[in-house]
Structures are given as structure tokens and as C-alpha cells.
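Trainee: I would like to learn how to read a structure like this one. Can we go through it feature by feature?

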Amino acid sequence: MQIKKIDINLIDEIFLISFEQFQKESWTKQQFAECLNDSNYVCFGIFENDKLISYVLALESLDDVNILSIATKEKYKNKGFASALLEHLKKYSKLNNKTLSLEVKSKNHVAINLYTKLGFKIVSSRLNYYKDKDTAIIMFYM
Ligand SMILES: CC(C)(COP(=O)(O)OP(=O)(O)OC[C@H]1O[C@@H](n2cnc3c(N)ncnc32)[C@H](O)[C@@H]1OP(=O)(O)O)[C@@H](O)C(=O)NCCC(=O)NCCS
């Protein structure tokens with residue numbers, strides 16, 4: 001399984017996966033473009049036959065790598081692709097001496113399960129954080 005850095009050229013493929021998975025909660029193409037054109041963000045992906053099947057996008061600050069979006073194409077789910085990207089980011093953040101963090105909706109049990117399995121710990125929560133009033137769970141891998 002090969003993980004490659006993604007740039008703005010793959011914006012259509014990223015948006016397609018994001019829209020498939022997050023639907024009306026997906027970021028817009030414009031929002032992805034702003035990140036992919038900004039060197040403070042990193043994006044990695046996994047491909048099959050040169051087609052993107054899973055991606056992760058994160059914002060790098062001085063001491064932390066903050067995961068902003070991660071998704072896997074429907075038909076490739078539960079095959080370990082998101083885990084591989086997260087393991088890659090764990091190594092990447094360690095190498096750069098940074099923590100790895102994320103924020104997830106409390107009702108997203110699939111994602112919370114995955115993050116917990118990979119060693120992320122819940123450090124705090126924000127009530128009514130999202131538009132639909134769901135709580136944000138803040139997790140760190142340190
Ligand atoms: C979350 C997501 C990125 C995981 O991608 P993936 O490539 O399928 O992930 P992996 O195959 O590496 O990991 C699968 C793990 O997810 C969790 N999981 C999968 N289905 C689950 C279910 N029905 N209930 C609970 N946990 C589940 C488990 O921890 C599972 O690991 P296990 O098989 O060892 O139990 C993918 O489900 C997705 O795109 N979801 C929609 C977008 C999203 O919610 N992103 C996260 C926002 S913070």
C-alpha cells in the first residue's frame with residue numbers, strides 16, 4: 001500500500017470522496033483548494049490504479065498536526081486504508097516533534113472507534129459545537 005503526498009491537482013478526486021462520505025456536511029471544493037494551496041496544510045492519499053481511494057488532510061502548526069478531514073471511498077472501507085494514513089501521520093508528526101490531534105462528532109462511532117484503536121485519547125469535548133448541536137470530541141495522539 002503506497003502513501004503519497006497530495007497536491008491541488010487532485011482536488012476533484014478529494015472532493016468526490018468527501019462529498020460521497022460527508023454529503024451536505026462536506027467541505028466545498030473552494031475550502032479544499034484554500035488548504036491545498038497553503039503550505040501549512042499536509043494531505044496524503046492512497047491510490048488504486050492511480051485513482052484516489054482514501055485521503056487525510058491536516059493543518060500543521062508549530063507543535064501540532066491537526067487532522068481536519070479523513071475519508072475512504074465507500075467500496076474501499078474497512079480494508080485498513082484510513083488506519084494506514086493515520087499510522088503515516090503518527091510517524092510524520094513524531095518525526096517533526098509535534099503532537100497529532102483531531103476533532104470528531106460524538107455520534108461518529110465508527111471514527112471514534114478507529115481513533116481509539118490507533119491509540120488516540122479523548123482530552124476534552126465541546127458541547128453543541130456543530131450546527132446540528134452534536135458535541136465535538138477532541139482527541140490527541142502524543
Ligand atoms: C472513518 C473512515 C475514514 C474509516 O476509513 P476506513 O478506510 O474504512 O478505515 P479502516 O479500514 O482503516 O478502519 C476500520 C475501523 O473503523 C472502525 N469501524 C468500522 N466500522 C465500524 C462500525 N460499524 N462500528 C464501529 N466501528 C467501526 C473499526 O475501528 C475498524 O477497525 P476494526 O475493523 O479493526 O474493528 C471511513 O469510515 C469514512 O470515510 N467515514 C466517513 C467520513 C468520516 O466520518 N470521517 C471521519 C471524520 S472525523
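**Backbone, helix packing and ligand shell**

Mentor: K133 is exposed, with 8 other C-beta atoms within 10 Å. A residue is buried with 20 or more other C-beta atoms within 10 Å of its own, exposed with 12 or fewer, and partly exposed in between, the C-beta atoms being placed from the backbone. This is a predicted model: local features need pLDDT of at least 70, side-chain atom pairs count only at pLDDT 80 or more, and totals for chains, interfaces and linings use all residues. Residues are numbered from 1 along each chain as its sequence is written.

Trainee: How do helix 1 and helix 2 cross?

Mentor: Axes are lines fitted to C-alpha atoms, for helices over the stretch in contact, and angles run from 0 to 180 degrees between N-to-C directions. The axes of helix 1 and helix 2 (residues 29-36) come within 10 Å and cross at roughly 130°. The two helices are therefore oblique to each other; under 35 degrees counts as roughly parallel, over 145 as roughly antiparallel, 65 to 115 as roughly perpendicular and the rest as oblique.

Trainee: Which residues of helix 1 and helix 2 meet?

Mentor: Contact requires C-beta atoms, placed from the backbone, within 7 Å. I11, I14 and F15 in helix 1 meet K29, F32, A33 and L36 in helix 2. By class, this contact has 6 nonpolar, no polar and 1 charged residues. Ala, Val, Leu, Ile, Met, Phe, Trp, Tyr, Cys and Pro count as nonpolar, Asp, Glu, Lys and Arg as charged, and the others, Gly among them, as polar.

Trainee: How many residues surround the ligand?

Mentor: A residue is near a molecule if its C-beta atom, placed from the backbone, lies within 6 Å of it. 21 residues surround the ligand, and the closest are T72, K77, A82, S83 and N113. Helix 4 gives the most to this shell, with 6 residues. The shell divides into 9 nonpolar, 9 polar and 3 charged residues.

Note on methods:
Helices (H or I, at least four residues) and strands (E, at least two) are DSSP runs, numbered from the N terminus. Two residues are in contact if their C-beta atoms, placed from the backbone, lie within 7 Å.
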